[in-house]
Amino acid sequence: MTDATPELAPPGALAASAHQTAGPYWHLVDFPEWADTTRHFAGSLPEGAERITLTGTVTDGTGAPVTDAMIEIWHADPSGHYPEQDGDPAAFQGYGRCATDKQGRFRFVTLKPGPVPVGPHAKGNVMQAPHVALAVFARGLLQHLSTRLYFEGEPLNATDPVLKAVPETRRGTLIAKPAGNGGWNLDLRLQGEGETVWMAV
Amino acid sequence: MSDVVHGYRRPDPATQPPLNSPAYGSTRARHPQQPVLELPHTLTETSSPIFTPARYPETADLTVLENGKGHAMGERIIVGGRVLDEDGRPIRKAMVEVWQANAAGRYNHEGDTHDAPLDPNFRGMGRVFTDDDGWYRYVTIRPGAYPWRNHQNAWRPNHIHYSLFGAGFAQRMITQMYFPGDPLLPLDPIFNTVSDEKARNRLVANFDLELTKPEWALGYRFDIVLRGREATPMEDNHHD
């Protein structure tokens, strides 16, 4: 966890390219199988893996379902590890992509992530509760929206540094509830009453 | 105890489009109104999925169907460039996804009802990977302009959508590449959401004679810059 003092770019640095909306026709890069992160691991899931589904409904400021969104997830493996960039490409990766349907719903199949150290050299007890990074792309979103999904009932939720930074009254917008049969549900509200806590990543 | 995290630098807001942009009507009910939480970067933000051509096969020529038959209609072009970070370092093995309308300005998408012909030989989706110097390249046809309902007589300039992954999920980006000299650019509310003129113009590709292949196709150069990492690791002082 770093103090959130932004560091200025050094002289001569390039500027990051501008984001633009994914628009309404991004489904040309929708591959429905990507919504199942376990698809490469039939019969050989990592040890201790718990298969879960992540569902939710995305609504806009008028309460209408957002039916043309692309949702992406990124999370650690069941033991809390992320792959190294030059590591084994066959290792489990908690990356998925899913289109919302005509009711604004998304559904991922994945493995429940373990607790994640804050940094690569964590020696102490600064662990993050199991969580899933969520990114929402859509028409009308000039940059994607980012947030996190946490799991209700996790003991580490009480000490998670990100959750603790969220006002208690809004924390519930980040915490998925069990939906039976290994399912977890978290609805996402882009704007208005019950608006999700969105994060500047 | 301290955790050392090399986070990513925060962008200059003028170089990025605001989420609330009234000229682009679709932002109205979709932009957050509550305060946004500044998320300090952790391993979740500084790690990224690994994409390989073995699992995510390349489509570097959008003008030909997989069976080698059927050639897309329109002006064939070559698009290439480098993917770098803000420190000028190449992003290696980055997956670059592109999608676009056909030459007539119609997407191969059920939601596109524009009265322009579909091209049975043009799907409009490509996927390539950068090499060790950050270079990518693909062949396509120049997309047509198309109308949209944002305002009276609204037309999108020619553009190709880009989706990129870097080495950290904080570098994730979707953007659009535009074409030089397009008369629709000054009129387009999406392009003009970027207030900094230089940043806006970096979304416009350059005609490139070196990428141009004699007797075959014009070349366009489009470089993309992903966020750079903080130069100094930040010490965390959590003791709880």
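Q: How many residues does the contact take from chain A and from chain B?
A: This is a predicted model, and in it the contact takes 70 residues from chain A and 78 from chain B.

Q: Which elements of chain A each supply at least two residues of the side that touches chain B, and which gives the most?
A: Those elements are strand E5 (116-117), strand E7 (131-137), helix H1 (161-164) and strand E12 (199-200) of chain A. E7(A) gives the most, with 3 residues.

Q: How do the residues on the side of chain A that touches chain B divide into nonpolar, polar and charged?
A: You get 44 nonpolar, 20 polar and 6 charged residues there.

Q: What makes E12(A) and strand E2 of chain B a pair?
A: Two strands count as paired if there are at least two bridges between them. E12(A) and E2(B), residues 37-38, have 2 bridges, in the parallel sense, so they pair by that cut-off. As for residues, Ala200(A) has Glu38(B) as its bridge partner in E2(B).

Q: Why are E5 and E10 of chain B said to stand at the edges?
A: The open sheet of 4 strands runs E5-E4-E9-E10 in chain B, with antiparallel pairing. Strand E5 (125-129) and strand E10 (173-178) each have a single partner strand, so one side of each is left without a neighbour in the sheet. From one strand to the next, the twist averages 25°.

Q: What makes E4 and E9 of chain B a pair?
A: At least two bridges are needed, and strand E4 (residues 95-99) and strand E9 (residues 159-164) of chain B have 4, in the antiparallel sense. Val96(B), for instance, stands opposite Leu164(B) in E9(B).

Q: Why does Leu184(B) count as partly exposed?
A: Buried takes 20 or more C-beta neighbours within 10 Å, and exposed takes 12 or fewer. Leu184(B) has 16, so it lands in between and counts as partly exposed. Leu184(B) sits in the loop between E10 and helix H2 (197-201) of chain B. Leaving aside neighbours within four places in sequence, its contacts are Ala145(B), Trp155(B) and Pro157(B). Ala145(B) is 39 residues away along the chain, with 8.7 Å between the two C-alpha atoms.

Q: How do you know that chain A is as compact as a globular protein of its length?
A: Chain A comes to 2 helices and 12 strands. Its radius of gyration is 17 Å, close to the 17 Å that the globule rule gives for 201 residues, so chain A is as compact as a globular protein of that length. Of those 201 residues, 47% count as buried.

Terms used
Residues are numbered from 1 along each chain as its sequence is written. Chains are lettered from A and ligands numbered from 1 in the order in which they are written. This is a predicted model: local features need pLDDT of at least 70, side-chain atom pairs count only at pLDDT 80 or more; totals for chains, interfaces and linings use all residues. Two residues are in contact if their C-beta atoms, placed from the backbone, lie within 7 Å. Ala, Val, Leu, Ile, Met, Phe, Trp, Tyr, Cys and Pro count as nonpolar, Asp, Glu, Lys and Arg as charged, and the others, Gly among them, as polar. Axes are lines fitted to C-alpha atoms, for helices over the stretch in contact, and angles run from 0 to 180 degrees between N-to-C directions. The radius of gyration is taken over C-alpha atoms; the globule rule is 2.2 Å times the number of residues to the power 0.38.
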